[in-house]
Structures are given as structure tokens and as C-alpha cells.
Amino acid sequence: MAFGAGRREDPVETARSLIARNQLNEAILVLENVIRNDPERIREAENLLRTIRRIRGEYNLLFEELIEHIINNPDDLERTLEIIAEMEALDEFPNPRVRRQIDEARVTAQLAYDRTVLTGILETARESLAAGRHAEAVRTYLTGFSLQRREFEERGYGEIFQNAVESARAEIVAQATDFASRADDVVLTARRLATDIREGELERADAGFAALMEDIVALDEARSAVVAAHAVLVRQRSQVGLQFPDSPVDWHLVFLNTLTTGRQDIEAREGIVSIIDTAWDTVATELSDTIATRLAEKTQEYERFIEQAEWSRVTAETESIVQLNKLAQRALLLAERRVDVPEMTITEIRELELTDAATVAFARYDVGAESARVFADLSAIVVQTDEAESLETEDLEDLRIRRRVFESLHDELDILFAGWTDSANLYRDFVSDAIQTEDATRISSVIEFTTTRLGDEFIRARDGEIRAVVRAIEIEAERIEGTVDPIAERITDIDTLLEGVDESDDPESVVVFRYPDRALEEYEELRVEAVEVRDAHRAIVETYAEEKPYVLGDDRFAEVLSVVDSQFERVSEALARIDDGIARAESAIDEAVALIAEGRELVMQARSAIAAAQLNPAETAWSNARDRFFEALELREDPNTRSETDALIRDVGLELQDLRNRLVVQEVRELVTEARALYGRDDYYSAREYLLTARELWAQTNPTDPNSEVESLLRLVSAAIAFADERDVTETHPLFPIVGNYLSLARSDFERGRNLYNSNNVAEGDILLRRALENLRAVRDIQANNWTAKLLELQITRLREPDNFGEIFQARYEEAVSRRSDDAVAALTDLQALREIQPGYRDIEALIVELEIELGLRPDPITQARIAESNRLLNQARGIADTTDRNALTVAASLLEQALEANPENTAARNLLDTVRVTLGGRATVALSSADEQQYRRAEAQFIEGNIAQAFVIVERLFLDENNRAYPPLIDLRRRISTRLGI
């Protein structure tokens with residue numbers, strides 16, 4: 001306790017003072033002592049304690065509001081900070097735990113709030129900068145220098161560290177404030193200077209530029225100071241982690257860095273340094289643009305005087321062009337941030353480390369002045385050129401005099417042009433070293449403009465001479481016109497012999513033949529004529545090839561000479577085409593000969609393989625031989641070769657067909673035998689696969705004559721499969737998941753119901769049996785003739801109605817018989833189910849057999865009459881089978897097929913039929929004629945390319961020939977085309 005004026009301080013007043021200063025914890029301790037030590041003042045103490053409790057109550061309410069607000073409104077940082085401030089106003093010294101929570105919330109909220117404020121400052125400054133308000137943008141940045149400063153100062157940095165930051169921050173603020181005070185004036189001064197330039201007040205503009213540079217120097221110094229101070233901040237910021245390893249980021253320093261130099265990940269200009277740079281660039285850009293515009297106007301006027309040959313006005317305007325170029329140079333230096341460069345010569349400027357654009361700007365003045373001097377000298381020569389042109393004449397002697405006059409002018413132009421060329425090369429060096437700026441383009445333009453004008457005078461000086469030369473060539477050219485076109489036309493005609501001649505009588509058919517032998521003979525005859533024409537043209541071209549370069553470069557000379565030259569080129573091209581045609585013809589002949597030889601060798605290989613009964617090698621060799629022969633005929637049409645190759649293809653094809661047929665007959669027999677066995681074992685699906693394979697194999701040699709045994713047995717198998725699909729469902733059947741489920745449920749209920757019946761539990765068993773019947777009805781709704789369902793229904797009926805089952809069975813039998821004519825499949829299924837219950841019932845077995853025959857599920861029974869008929873037909877066939885006559889063998893085959901139809905078990909008839917079929921050979925066409933093969937391949941190519949209609953036309957035309965209709969590849973192509981056309 002403190003004492004004043006020799007008296008002890010009143011503890012109640014002390015507590016009241018502590019409460020007023022929000023030191024509630026200390027006030028509570030004082031009041032507790034009062035209550036213990038001074039009972040007379042308990043009432044005063046309790047009143048103050050009530051005050052503290054009230055304050056604490058408000059504090060707790062605010063604390064609860066703070067927690068709720070942070071949870072529900074985390075982005076409302078401003079209110080978060082307001083609540084914390086209100087709590088600190090009530091109690092600056094709460095307990096440590098609460099203090100720690102509030103401090104953490106305040107620090108987090110303050111940082112987030114300050115970052116939001118920083119973003120707003122950056123956006124506001126950007127808008128000011130976009131509007132050209134540089135001072136306003138800088139002042140906006142300065143409003144953010146206090147962000148997170150309290151946190152920085154409370155962190156506990158060392159004095160040296162803190163002083164360095166404070167000093168750097170103060171320097172940036174001072175320089176930025178100074179810049180803000182003068183920025184608008186600098187921009188205004190630059191705009192006045194730009195106005196003087198636009199109005200042509202070049203002397204005043206020169207003085208104004210000097211005054212502007214003083215402000216620019218100050219601007220440069222301010223920027224350097226800000227950059228230096230910013231470097232201090234960057235250095236101090238890098239040391240934060242050394243002092244606070246667990247928290248190495250100081251947001252005050254981060255914000256100062258952002259406000260000074262902007263964000264690194266943002267392309268737009270930001271920060272105080274960028275504002276200074278932008279102001280600088282604004283001044284430099286405005287001046288540069290103004291001077292460029294004015295200079296362009298004056299230069300355009302200057303060049304117009306040159307175009308109009310007003311040479312005195314050109315001289316008068318040169319000085320203003322020079323002054324504008326100097327101002328442009330100074331403005332460009334300003335844009336390059338160079339404020340201390342003296343005036344330099346064009347060659348000295350290269351030594352400065354400036355951009356190419358700045359270097360080229362200096363060269364621009366020199367090229368303009370030099371160009372003006374050149375045009376002043378050119379004016380005297382122009383007058384002499386005008387006088388010389390008046391000597392125009394058609395007389396050859398006068399043309400020679402005129403040529404000598406212009407040659408004297410050439411000498412003067414050469415001297416002038418040489419001097420200009422040296423200067424132009426100097427300026428071209430500047431342009432070649434530079435990026436393509438407007439100034440570089442302008443230098444190139446002046447060089448081109450001046451050079452072109454000098455070139456025009458050269459052209460004028462030489463024009464008369466060139467005219468005489470041109471006229472001489474015209475006289476020469478008229479003499480040899482009209483000799484090339486006939487040669488070119490003849491080449492086109494001969495090319496047709498190589499490319500293919502359509503010799504078809506049918507306008508819709510294309511049968512192309514190539515005649516390289518005839519083409520070779522005609523090419524060689526035409527070559528002799530073409531060489532004579534080419535030599536005549538060459539003589540003229542060589543005569544004028546030595547003319548002077550400027551004559552050779554003249555358009556008129558080039559045009560008239562190009563007529564002769566183009567004729568020479570055309571006849572040379574014609575000769576090249578002839579030589580190419582000769583080479584192609586010889587190549588076609590050689591290749592065709594080689595292909596024929598290769599085809600013959602392949603024929604020998606095919607025959608060797610046939611002799612060894614090696615079908616695949618034989619077919620491969622024969623197919624390759626056909627390809628070689630066809631390719632040879634495609635290259636070189638020769639009737640003898642075509643006849644020979646057609647015969648070879650046909651003969652070897654027949655030999656191959658015999659071999660293939662023997663193997664096919666044997667393999668088909670094996671497949672039919674196996675299929676018949678599978679059919680006998682009720683394995684209908686496997687039998688069908690064997691029979692389909694047999695059918696496809698048989699069609700290889702008999703595409704138009706199906707095998708009667710295969711087809712007959714296939715009908716039986718197909719009928720059996722169709723019947724099986726009507727009455728059964730396998731696991732692969734699409735209805736199996738549904739029908740199988742119903743059957744499984746019904747079968748399960750039946751088994752359980754039957755067990756209950758056998759246990760004398762009829763009532764419960766009947767429930768299951770009725771449910772089984774419902775599931776079986778569901779099966780019948782989906783598959784009416786399901787045999788399993790019908791059989792199970794009969795079994796349930798027999799179980800439920802044993803006394804009446806005989807009558808029920810009889811009724812079902814009679815109903816099945818009555819349905820025979822209307823639904824034979826349903827009748828057969830019902831009878832088979834009934835037979836399963838009572839196998840020997842009446843004539844049920846005979847009825848089932850009759851229905852199976854009627855439905856094609858089994859062949860007609862082999863009776864003694866059918867056996868006798870089969871043997872009769874066999875004997876008849878034997879009487880005519882021992883012959884080589886094809887017609888007789890065909891009759892024998894037909895008789896044997898009938899014999900097997902009457903008795904499929906007639907082994908002797910079967911063996912003899914196979915022998916006859918081998919002797920007959922296949923009935924397929926082994927090969928098309930080479931001409932038809934060409935059409936077939938064309939149709940196949942059209943089909944592959946998607947031209948279905950064109951392919952269809954060709955195939956149908958080939959099918960008009962009966963022999964072609966049995967050619968398997970053609971049959972297959974026709975089938976594919978029909979499928980695509982939907983016919």
C-alpha cells in the first residue's frame with residue numbers, strides 16, 4: 001500500500017481506482033483484505049464487488065459473443081476486432097487463459113483484416129494509376145504503412161534491427177511524399193512541352209525540355225532513395241527467421257515490401273517504385289509519341305516535295321527535320337532512364353549500352369540529311385535525262401547514238417550511287433543490329449526510297465538501249481513461233497498407250513489395256529524431231545545471254561526473251577517427258593517379262609504341290625501365279641501372252657480343283673458321318689455346327705450345287721433345335737434367368753409339398769403345391785410348351801388328386817390328340833409329358849413317333865420298300881457310273897443322292913456317290929478370264945473405297961456370264977454388296 005502526506009491510502013478508494021483502470025483482479029484482492037480486516041466497511045466493499053461482478057458479467061457475455069461470432073462469421077474481421085476492443089475496455093487484465101485466447105483471436109483477426117485492407121489499398125491504387133493519378137496512387141499506398149506495425153513493435157526485436165526498419169520506412173515515406181507533391185507538375189510540364197512540339201514551336205520546346213530534365217533528375221534521385229531503403233527492408237526481413245525460428249514471417253515487413261515494390265506474382269505494375277516508373281514512362285511516352293507524330297507529318301511533307309521535284313523546298317525543310325530528330329533522341333534517352341548523356345555522333349552512340357531502338361533513333365537524323373543531299377545532286381542529272389529521252393527513234397544507228405548518251409549519264413549516276421551506297425550500308429548496319437522498331441523501319445524506308453529514286457534514273461538512262469535490244473529479239477522470236485505445241489500434243493497421245501486405253505464396247509464398262517511396245521517406238525521417233533526444235537531455240541537464247549545485266553533485268557527485255565526462253569523450256573520439258581516415257585515403257589516391258597517368268601515358275605511349283613497332294617502350297621502358288629500374270633497384263637497388253645496365261649490359269653485351276661474336290665468330298669463325308677452320329681445322340685447343336693462347316697466346305701467347290709445329304713440332315717437338326725427351343729431352356733437361353741427361377745421355385749415347393757403329403761400333413765403340403773402351380777403357370781405364360789413345367793404339373797395333379805388322376809390323365813391324352821392338327825408342337829410336348837407318367841399308355845408311343853416324323857424331328861422310317869428302292873437306284877447308278885462322260889456321271893450322282901434319301905444307311909450308295917463326286921470334280925469356276933478378272937478386281941476396289949453402287953454395276957455385268965456365276969470370290973463379293981445395299 002502507498003501512503004500520501006503521511007497518511008495511509010484508503011483501500012476502498014484504491015479498489016475503486018483499480019476498477020476505473022480495468023484492473024479488476026487487483027481490485028478484488030484489495031476488497032478481500034478490506035472485508036477481512038475492516039468489518040465496518042464491508043458494505044462499501046460488497047458494493048464494489050457487485051460492480052466488478054457486473055463488469056465481469058458483461059465481459060463474459062462479450063467473450064461468448066466473440067466465440068460465437070468467430071464460428072459463425074469467420075470473414076467478418078472488423079466485428080471480431082470490435083468485440084475484442086470492447087472486452088479490453090472492460091478488463092485489461094483478465095486471467096491468463098482468457099488473455100491468451102483473446103490475444104490469439106486478435107492477432108489472427110487483425111492479420112486477416114489487415115490483409116483485406118492491403119488488398120483494398122492495392123486495388124484502389126491500381127484504379128488511380130489506370131486513371132493517370134500518380135500522386136493519388138502513392139498517397140493510397142502510404143495509408144498502408146501502419147498495417148501490422150503494432151505487432152511488429154510488440155514482437156521484441158533488438159534496437160538495431162528496429163531502428164533500421166524505422167529509418168528505412170521513414171525514408172520511403174519521405175521520398176514518396178515528396179514525389180506525390182511534384183508528380184502531377186512533372187506530367188503537366190511534359191504535356192506543355194508536347195503542345196509546343198505539336199504547334200511547331202521547336203525553339204521553345206528545346207528550352208522546355210531542359211527544364212523538364214531538372215524535374216526528371218529529382219525523380220531519378222527519389223526513386224534511387226526508395227530502392228535503397230527497400231533493400232534495407234529486404235535485408236532486415238531475411239533476418240527475422242534468425243530471431244524467431246518458430247515464426248519466421250513478419251507481416252509488417254511483408255506489407256511494407258508489397259507497398260513499395262508490389263506483389264511478385266502480379267503482372268500489373270504495383271508499389272511506390274512502379275508508380276515513380278509509371279510517371280516517368282508516362283512523360284517519356286507522351287513526348288515520344290508527340291515527336292513521332294510530328295516527325296511523321298514533316299517527313300511525309302518532305303518526301304512529297306521530293307516526289308514532285310521541288311528541290312528548293314526540300315532544302316528549306318531540312319533544318320526542322322533535324323531539330324525534330326534531336327528532340328526524338330532526347331525523349332528516347334528519357335524513356336531509357338538516361339539523364340546524363342551528352343550529344344554524340346552517329347558512330348559514338350554505338351558505344352553506349354542503350355537499346356537498339358535508342359541507337360537507331362540517332363541514326364534516323366543522319367539518314368534524312370544524307371538523303372536530302374543526294375536528291376540535291378540528283379536534280380541536275382534528271383534534267384539531262386529528260387533531254388536524252390527526246391532522242392527516241394526506231395532507226396538502228398540512232399539507237400546506237402542514244403545508247404552512248406545514256407552511258408555517259410551512267411558514269412555520273414555511278415559516282416552518286418556509290419557515295420549513297422556507302423552511307424546506306426552504314427545505316428543498314430544499325431538496322432540489322434536492331435529490333436524492328438518504327439525508327440528502324442523508317443531508316444529502311446528512307447534507304448529504300450532514295451535507292452529506288454536513283455534506280456528509277458538508271459532505268460530511264462538505259463531505257464532506250466533496252467528498247468533497241470528488245471526489238472531485235474522480237475524480230476528473232478517471230479521466226480520460230482509455233483513449233484512446240486504439236487510435240488506436246490503428240491506426247492499426250494503416246495502417254496495414253498502407257499497409261500491405258502479403254503477398248504470396251506460397253507460405255508459403262510472400263511477395260512484398260514497398255515501398250516508399252518508401241519509407245520516406245522513412237523517416243524523414239526518423236527525424240528528426233530524434238531531435239532531439232534530445241535537446238536533452234538537454244539541458239540537464240542545463247543545469243544542474248546551475254547547482254548548487259550541491266551538489259552537482262554528489264555521487264556520488256558525479259559518478257560520478249562521469256563517467250564523464246566519459255567519455248568526453249570517447253571521443248572526441253574517435252575524432251576524430258578519423252579525420255580521419261582521411254583524409261584517407263586522400257587521398265588513396263590522389262591517388269592512384265594519378269595512377272596510372266598515368275599508366274600510360270602509359280603505354275604510349276606503349283607503343279608508339283610498338286611502332284612504331292614499338298615493343297616495349301618498348291619493354292620498359294622497358283623494364286624500368286626495368277627497375280628503375276630494379271631500384273632504383267634496390266635503393264636503390257638499382248639494377245640499371245642493373254643491367251644497363254646488364261647490357258648495356264650484355267651488348266652492349273654482345274655488340276656487344283658480336282659485335288660481340292662477330292663479332299664472336300666472326303667472331309668464333307670467325315671463331317672456328315674459325325675453329324676449323323678451326334679444327331680442320333682440328340683446333340684443337335686454340335687451336329688448343326690458340323691453340318692454348317694460341311695456346307696461351307698462343300699461350297700468351295702460347288703457354290704451353286706448344295707450337297708443334298710448335308711441339307712437333308714441339316715433340316716432334321718434345325719427342326720430338332722427349334723423344337724428343343726420351344727420346350728426347354730438351357731443356361732445360354734435368354735429366358736433362362738426368368739424361366740429357370742420359376743422352375744426352381746416350383747420344383748422346390750413340389751418336393752417339400754410331396755414330403756408333407758407323405759407325412760399326412762396334407763393342408764400345409766397343399767399350400768406349397770398350389771404355389772408351385774402358380775409358378776408353373778408363370779412359366780407357361782412365358783414358354784407355353786415348356787416340357788418340364790407340363791411334366792411337373794402332371795406330377796402335382798397326381799399327388800393332389802390320386803383318386804381322379806386316371807380320368808384326368810385320359811382327358812389330357814385326348815386333348816393332346818385333338819390338338820394334333822392345330823398345334824403339333826404343343827400336342828407332341830403334351831404326349832411326351834404324359835408318356836413320362838405312363839410309358840405304355842394305349843398307343844401313345846406310336847403317336848409320338850408319327851408327330852416327330854411329321855414335324856421333321858426324325859426321318860421317315862426305313863421300310864423294306866425304301867431299302868429296295870434305294871438298292872434299285874444304286875444298281876442303276878452302277879450301270880452308268882463307270883464312264884468319263886460328265887453328263888452320265890451327273891445322272892449317276894443324282895441317282896445315288898436319291899438312293900441315300902430313300903435309305904441313308906445304304907453304305908454302298910454312299911461310297912459310290914463319293915467316288916462319282918471325286919470323278920466329276922468341283923462345279924465351281926476355277927478362274928475368270930484375265931479381262932473379267934480385271935473387272936472383278938476393279939469392282940472389289942470400288943467396294944473397299946465405299947463406291948457400292950459402282951461395284952454393284954460391275955458385278956452384275958460379270959454375272960451375265962453363266963461361267964462367272966460359279967466363281968466363289970465373285971459370289972462372295974456379290975453377297976457382300978447385296979448386304980450393304982439391303983437387297
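Reply: A residue is called buried under 20% relative accessible area, exposed over 50%, and partly exposed in between. Please note that the model is predicted.

Me: What makes E171 count as partly exposed?

Reply: The relative accessibility of E171 is 31%. E171 is located in helix 8, which covers residues 159-198. Its C-alpha is 7.5 Å from that of A225, although E171 and A225 are 54 residues apart in sequence.

Me: Why is D590 called exposed?

Reply: Exposed requires over 50% relative accessible area. D590 has 52% relative accessibility and therefore counts as exposed. This residue belongs to helix 20.

Me: Which residues form the negative surface patch, and what makes such a group a patch?

Reply: The negative patch consists of E521, E524, E525, E586, D590, E591 and E631. A residue of a patch must have over 30% relative accessible area and no salt bridge, and like charges are joined within 9 Å. At least two of the patch residues come from helix 18 (516-544), and at least two from helix 20 (555-611).

Me: How many aromatic pairs does the structure hold, and why is the pair of F152 and F161 called tilted?

Reply: There are eight aromatic pairs in the structure. For F152 and F161, the centres are 6.5 Å apart and the planes stand at 35 degrees. Planes under 30 degrees apart count as stacked and those over 60 as edge-to-face, so an angle of 35 degrees makes this pair tilted. F152 is buried because its relative accessibility is 0%, and F161, at 5%, is buried as well. Ring pairs also join F152 and F161 with Y157 and F244 in a cluster.

Me: What makes the pair of F809 and Y841 edge-to-face?

Reply: The planes of F809 and Y841 meet at 75 degrees, and their ring centres are 4.8 Å apart. Edge-to-face requires an angle over 60 degrees, so the pair of F809 and Y841 has that name. F809 lies in helix 28 (residues 805-818), while Y841 lies in the loop between helix 29 (824-837) and helix 30 (844-854), 32 residues apart.

Me: How do you know whether F809 and Y841 are buried or exposed?

Reply: Buried means under 20% relative accessible area. F809 has 1% and is therefore buried; Y841 has 14% and is therefore buried too.

Me: Why do A613 and N760 carry their accessibility labels?

Reply: A613 has 45% relative accessibility and so counts as partly exposed. N760 has a relative accessible area of 70%, so it is exposed.

Definitions and conventions:
Residues are numbered from 1 along each chain as its sequence is written. This is a predicted model: local features need pLDDT of at least 70, side-chain atom pairs count only at pLDDT 80 or more; totals for chains, interfaces and linings use all residues. Side-chain values use heavy atoms; hydrogens and water are left out. Patches are made of residues with over 30% relative accessible area and no salt bridge: like charges are joined within 9 Å, nonpolar side chains (Val, Leu, Ile, Met, Phe, Trp, Tyr) within 5 Å. Accessible areas come from the Shrake-Rupley method with a 1.4 Å probe; for residues, only the protein chains shown count as cover. A salt bridge is a side-chain nitrogen of Lys or Arg within 4 Å of a carboxyl oxygen of Asp or Glu. Lys and Arg count as positive and Asp and Glu as negative; His and the chain ends are not counted. The place of a charge is taken as NZ of Lys, CZ of Arg, CG of Asp or CD of Glu. Helices (H or I, at least four residues) and strands (E, at least two) are DSSP runs, numbered from the N terminus. Buried means under 20% relative accessible area, exposed over 50%, partly exposed in between (1.4 Å probe, protein chains only). Rings of Phe, Tyr and Trp (its six-membered ring) pair if their centres lie within 6.5 Å; planes under 30 degrees apart count as stacked, over 60 as edge-to-face and the rest as tilted.
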